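This report goes through the confidence, the aromatic contacts and the nonpolar packing of the structure shown below.

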Amino acid sequence: MSGRVLVGVKRVIDYAVKIRVKADNTGVVTDGVKHSMNPFCEIAVEEAVKLKEKKLVKEVVAVSCGPQQSQETIRTALAMGADRGIHVEVSGKDYETLGPLQVSKIMAALAKKEDAQLIILGKQAIDDDCNQTGQMTAALLDWPQGTFASEVTLDGDKIKVVREIDGGLETIKINTPAVLTADLRLNTPRYATLPNIMKAKKKKIANVKPADLGVNLTSRLEVLKVEDPPQRQAGMKVETVEDLVGKLKEAGKV
Amino acid sequence: MMANPLRPEVVRLYKNLLYLGREYPKGSDYFRARLRAAFTKNKSVQDPEQIKAMIARGEYVAQELEALYYLRKYRAMKKRYYEE
């Protein structure tokens, strides 16, 4: 048992930034825009580091797929306590079409290469909101999955996961190796402070190309258009119930 | 004037707070100006006990900033992804 955990971290536009759609409607403006680690990925990293601090796992490896700047995101994970990083270089057109299917193929290949016992991912990214990478990774590896995890307990070679589902909580027990995806209430991620960032500079980030892992990045999806959500129309005030019914009939709703 | 042995600690605190200030809601420039003012105001203090107390207060501010950033993010995520 290697006791190794892989944590996927994604570089996304910062949650507090006001998103602007590009003039040609092909995507959103990313140039010069503040980026940071996906909040759900922060929670994933925190969980992995906590497991290591409890001595339940031996090594935490942070993985990110993307261009050069993805290394900054890995550095943040290292500052939070990950031991080393793997930067899977994807840039240009490949990066534009990079999605859960490609990332899950990469994660699966790395899990085998690194002999990982556990993969922890954020439940979804705040830019594409796919909520698919964890599930696909588990399927590709034929591993059990504990998604939307709000509580994780290691119990020998099994994991007890409390999942956030519609209408409440579900508790399951799964075998290892396994894939977990982190939900909001799983933990409170620590801040990557300056001293920790400095210390993390000594930690190694390995460079890998998807081809080295035997992964084909071809996407089966094509983005046709990206546009702003429709402007919310101003509401109307009415005096009586008769007026309300009248207006509803006018609008063809009744 | 002899350099105070606590100087490295004070400098370290300043750098940490400056780093934290980058995400300050009212802007990093606003934060930096106030940070400089606060440190400059006390630059002539020599008593080690007083300096240590001020360093502790600075560390408290750092913790408060981390908590602020976390709460903002948590509330934003909760609002966007969870129906209340």
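## An aromatic pair between the chains

Is Y81(B) buried, partly exposed or exposed? In this predicted model, Y81(B) has a relative accessible area of 22%, and since buried means under 20%, this residue counts as partly exposed. F40(A), by contrast, is buried, with a relative accessible area of 0%.

Over all chains the count comes to 6 aromatic pairs. One of them is formed by F40(A) and Y81(B), whose rings are edge-to-face, with 5.5 Å from centre to centre and 80 degrees between the planes. Because F40(A) belongs to helix α1 of chain A while Y81(B) belongs to helix α3 (residues 48-81) of chain B, this pair joins two chains.

## Rings and charges within chain B

The rings of Y14(B) and F39(B) have centres 5.1 Å apart and planes at 75 degrees, so this pair is also edge-to-face. It links distant parts of the chain, given that Y14(B) lies in helix α1 (residues 7-20) of chain B and F39(B) in helix α2 (residues 28-41) of chain B, 25 residues apart. F39(B) counts as partly exposed, at 24% relative accessibility.

Elsewhere in chain B, ring pairs link Y24(B), Y30(B) and F31(B) into a cluster. The ring of Y30(B) also has a charged group over it, namely the charged end of R34(B), 3.9 Å from the ring centre. A further arrangement of this kind involves Y19(B), over whose ring the charged end of R22(B) sits, 3.9 Å from the centre.

In soluble globular proteins, nonpolar side chains tend to be buried together. Here the largest nonpolar core holds 46 residues, of which V7(A), V45(A), L118(A) and I120(A) touch the most other members. Helix α1 of chain A, which spans residues 39-53, gives the most to this core, with 8 residues.

When residues up to four places away in sequence are not counted, L118(A) touches R4(A), V5(A), L6(A), L51(A), I159(A), A178(A) and L180(A). Apart from this core lies another one of 26 residues, among them A111(A), A138(A), W143(A) and V215(A).

## Confidence

The model scores ipTM 0.89 and pTM 0.91. Chain B, which carries the ring cluster of Y24(B), Y30(B) and F31(B), averages a pLDDT of 93, and 96% of the residues score at least 70. Where pLDDT is low, the predicted coordinates should not be read in detail.

Technical notes. Residues are numbered from 1 along each chain as its sequence is written. Chains are lettered from A and ligands numbered from 1 in the order in which they are written. Side-chain values use heavy atoms; hydrogens and water are left out. A nonpolar core is a set of buried Ala, Val, Leu, Ile, Met, Phe, Trp, Tyr and Cys residues joined through side-chain atoms within 4.5 Å. Buried means under 20% relative accessible area, exposed over 50%, partly exposed in between (1.4 Å probe, protein chains only). Helices (H or I, at least four residues) and strands (E, at least two) are DSSP runs, numbered from the N terminus. Contact means heavy atoms within 4.5 Å. pLDDT is the predictor's confidence in each residue, from 0 to 100. Rings of Phe, Tyr and Trp (its six-membered ring) pair if their centres lie within 6.5 Å; planes under 30 degrees apart count as stacked, over 60 as edge-to-face and the rest as tilted. A charge sits over a ring if NZ of Lys or CZ of Arg is within 6 Å of the ring centre and within 35 degrees of the ring normal.
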